[in-house]
Amino acid sequence: MIPLEILEKYDAVRRLYKKSEVIFDKDKLATHYYQIISGAVKMNNFNDEGREFIQGFFYAKHCFGEPPLFLNRTYPANAEAIEDSELICISKTNFLKLISENPSVSIMMIENLAQRLHYKSVMAAEISTQDSEHRLLQLFDYSIAYFNFKKEEDGYHIDLTRQQMGDLTGLRVETVIRTIKTLEKKGELKIVNRKVYR
């Protein structure tokens with residue numbers, strides 16, 4: 001995303017987060033821009049019954065949580081490290097100064113936000129109208145492009161757990177497992193050593 005050398009010119013700070021450590025909480029005022037150097041982060045909400053809904057996963061070179069910075073609003077979800085992670089963060093004031101002084105970074109931010117908005121629109125339509133097979137295939141195809149999953153000998157490894165697949169599509173884990181087996185029988189994907197390939 002934003003080159004580290006540019007971030008460092010605007011007083012960015014590197015921070016380490018342990019697996020399961022909370023980076024920020026839902027409903028807290030957005031005060032920093034975050035970008036992942038290494039590791040992975042999820043943004044999530046919980047409904048009244050305590051069921052988790054995952055807004056998204058973010059990996060190295062991804063940024064997250066920046067829309068409220070532009071709106072002066074609170075975070076709409078929690079952010080949590082899903083593995084030990086190193087992040088670089090910069091205060092809101094310095095971040096806004098950075099993008100105003102670097103037009104190419106502004107264009108990158110717009111493209112990134114547009115990509116995420118497109119993903120949310122696609123997945124919202126899938127979750128509301130499509131069967132489980134279609135939802136999962138759409139998630140896999142979009143994830144290959146968005147998360148830059150690498151092609152291996154058996155195809156693109158879908159590096160998501162069954163639980164994560166369910167959380168991202170609104171399906172129960174049992175339904176995800178059953179649907180993956182059906183899709184394998186139909187030749188839409190492969191399962192090798194419990195890993196899913198598209």
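**Questions on a predicted single-chain model**

Q: Between which two strands does the loop that holds Asp27 lie?
A: This structure is a predicted model. Asp27 belongs to a loop, and that loop joins strand 2 (22-24) and strand 3 (32-38).

Q: How many Å separate Asp27 and Ala77 in space, C-alpha to C-alpha?
A: Leaving out residues up to four places away in sequence, Asp27 touches Thr74 and Tyr75. In sequence, Asp27 and Ala77 are 50 residues apart. In space, the distance from C-alpha to C-alpha is 7.3 Å.

Q: What percentage of the contacts between residues at least 6 apart in sequence join residues at least 24 apart?
A: A contact requires heavy atoms within 4.5 Å. Among such pairs in the chain at least 6 apart in sequence, the share joining residues at least 24 apart is 72%.

Q: Why is the chain described as being as compact as a globular protein of its length?
A: The chain contains seven helices and twelve strands. For 198 residues the globule rule gives 16 Å, and the chain is as compact as a globular protein of that length because its radius of gyration is close to this value, at 18 Å.

Q: Which residues touch the most other members of the largest nonpolar core?
A: The core comprises 57 residues. Its largest share, seven residues, is supplied by helix 5 (residues 132-146). The members that touch the most others are Phe64 and Met165.

Q: Which arginine is in contact with Phe64, leaving aside neighbours within four places in sequence?
A: With those neighbours set aside, the contacts of Phe64 include Ile23, Phe24, Tyr34, Ile36 and Val41. Further contacts include Met43, Phe58, Ala79 and Leu87.

Q: Is helix 6 (residues 162-169) largely enclosed by the rest of the structure, or largely exposed?
A: A residue is buried when its relative accessible area is under 20%. Among the buried residues of helix 6 are Gln164, Met165, Gly166 and Asp167, together with Leu168 and Thr169. Because six of its eight residues are buried, helix 6 is largely enclosed by the rest of the structure.

Q: Which residue with a positive phi follows helix 6?
A: The phi of the residue that follows helix 6 is near 80°. That residue is Gly170.

Q: How many Å apart are the centres of the positive and negative side-chain sets?
A: The chain carries 28 positive and 28 negative side chains. The centres of these two sets are separated by 2 Å.

Notes. Residues are numbered from 1 along each chain as its sequence is written. This is a predicted model: local features need pLDDT of at least 70, side-chain atom pairs count only at pLDDT 80 or more; totals for chains, interfaces and linings use all residues. Side-chain values use heavy atoms; hydrogens and water are left out. Helices (H or I, at least four residues) and strands (E, at least two) are DSSP runs, numbered from the N terminus. The radius of gyration is taken over C-alpha atoms; the globule rule is 2.2 Å times the number of residues to the power 0.38. Lys and Arg count as positive and Asp and Glu as negative; His and the chain ends are not counted. The place of a charge is taken as NZ of Lys, CZ of Arg, CG of Asp or CD of Glu. A nonpolar core is a set of buried Ala, Val, Leu, Ile, Met, Phe, Trp, Tyr and Cys residues joined through side-chain atoms within 4.5 Å. Buried means under 20% relative accessible area, exposed over 50%, partly exposed in between (1.4 Å probe, protein chains only).
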